[in-house]
Amino acid sequence: MKLDIACVIVVLRYHMAMKDPILIRNAVPTDLDAIIAIDDVGPKEEKPAYWRGIFAHYGSGEKKDRIFLVAEAGNDIVGFIAGEVRAWEFGSAPCGWVFAMAVSPKMRGAGIAKRMFDEICRRLKGAGVTTVRTMVDRNNKVTLSFFRSRGLRSGRYIELEREID
């Protein structure tokens with residue numbers, strides 16, 4: 001019987017995650033270096049200041065409508081997700097908005113993104129909203145597939161953009 005190497009890797013990652021149970025918790029200032037290291041989008045030199053600002057705005061955990069979570073395995077941060085309640089943008093009723101999520105490459109495929117997404121949705125529901133939204137690059141098939149697997153579909157709003165001269 002021929003083994004699919006991708007399936008073997010997913011199974012191993014799952015067992016690694018179960019060996020060190022994954023804790024989903026509020027982010028704290030000492031998590032920032034790990035968050036920056038996991039975030040692989042955009043220029044690296046801009047990220048420390050960006051994440052410090054995001055943490056200052058979302059990281060206190062004191063406001064139900066601003067959420068910044070990390071996934072922790074043992075003593076390692078292996079993922080993060082951030083979102084908020086947004087209201088009345090272009091007539092939209094209050095809804096949850098996930099604007100950042102990533103999982104450490106060595107832990108992808110272990111269900112960590114699902115657990116973080118489910119937890120942020122639980123907290124958003126606790127903040128009083130019944131809808132969650134996000135925005136994904138149409139070429140990022142992995143992330144698009146993940147959000148679709150969690151039940152997200154095209155909504156009634158369309159993102160429009162143009163280059164500014």
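Is Arg25 buried or exposed? Arg25 is buried, at 18% relative accessibility, where buried means under 20% relative accessible area, exposed means over 50%, and partly exposed lies in between, with a 1.4 Å probe and protein chains only.

Okay, a quick word on what we're looking at. This is a predicted model, so local features need pLDDT of at least 70 and side-chain atom pairs count only at pLDDT 80 or more, while totals for chains, interfaces and linings use all residues. Residues are numbered from 1 along each chain as its sequence is written, and side-chain values use heavy atoms, with hydrogens and water left out.

First, the overall picture. The protein has five helices and five strands, taken as DSSP runs numbered from the N terminus (helices are H or I, at least four residues; strands are E, at least two). Reading from the N terminus, the order is α-β-α-α-β-β-β-α-β-α. There are 165 residues, and 34% of them count as buried. If you take contacts (heavy atoms within 4.5 Å) with a separation of 6 or more, 61% are between residues 24 or more positions apart. The accessible surface is about 11,100 Å², and 56% of that belongs to carbon and sulfur atoms; the areas come from the Shrake-Rupley method with a 1.4 Å probe, and for residues only the protein chains shown count as cover.

Now, salt bridges. Side chains of opposite charge can pair when their charged atoms come close. The rule here is a side-chain nitrogen of Lys or Arg within 4 Å of a carboxyl oxygen of Asp or Glu, and that gives eight salt bridges.

Back to Arg25, then. Its partner is Asp31, with the closest N and O atoms 2.8 Å apart. Asp31 is buried too, at 4% relative accessibility.

Next pair: Arg86 and Glu84, where the closest N and O atoms are 2.6 Å apart. Glu84 is buried at 11%, whereas Arg86 is partly exposed at 22%.

Over in helix 4, which covers residues 112–126, we find Glu119. Its side chain meets Arg122 in a salt bridge, at 2.6 Å from N to O. Why are Glu119 and Arg122 separated by about one helical turn? Because they are three residues apart in helix 4. Glu119 is buried, with a relative accessible area of 15%, but Arg122 is exposed at 51%. Glu119 also touches Ile24 and Leu69, leaving aside residues up to four places away in sequence.

A patch is built from residues with over 30% relative accessible area and no salt bridge, with like charges joined within 9 Å and nonpolar side chains (Val, Leu, Ile, Met, Phe, Trp, Tyr) within 5 Å. Lys and Arg count as positive, Asp and Glu as negative, and His and the chain ends are not counted. Each charge is placed at NZ of Lys, CZ of Arg, CG of Asp or CD of Glu.

So where's the positive patch? Look for Arg138, Lys141, Arg148 and Arg153 on the surface. Arg148 sits in helix 5, residues 141–149, and is partly exposed at 48%.

The negative patch is made by Glu159, Glu161, Glu163 and Asp165. Glu161 is in the segment after helix 5 and is exposed, with a relative accessible area of 69%.

That's my tour, thanks.
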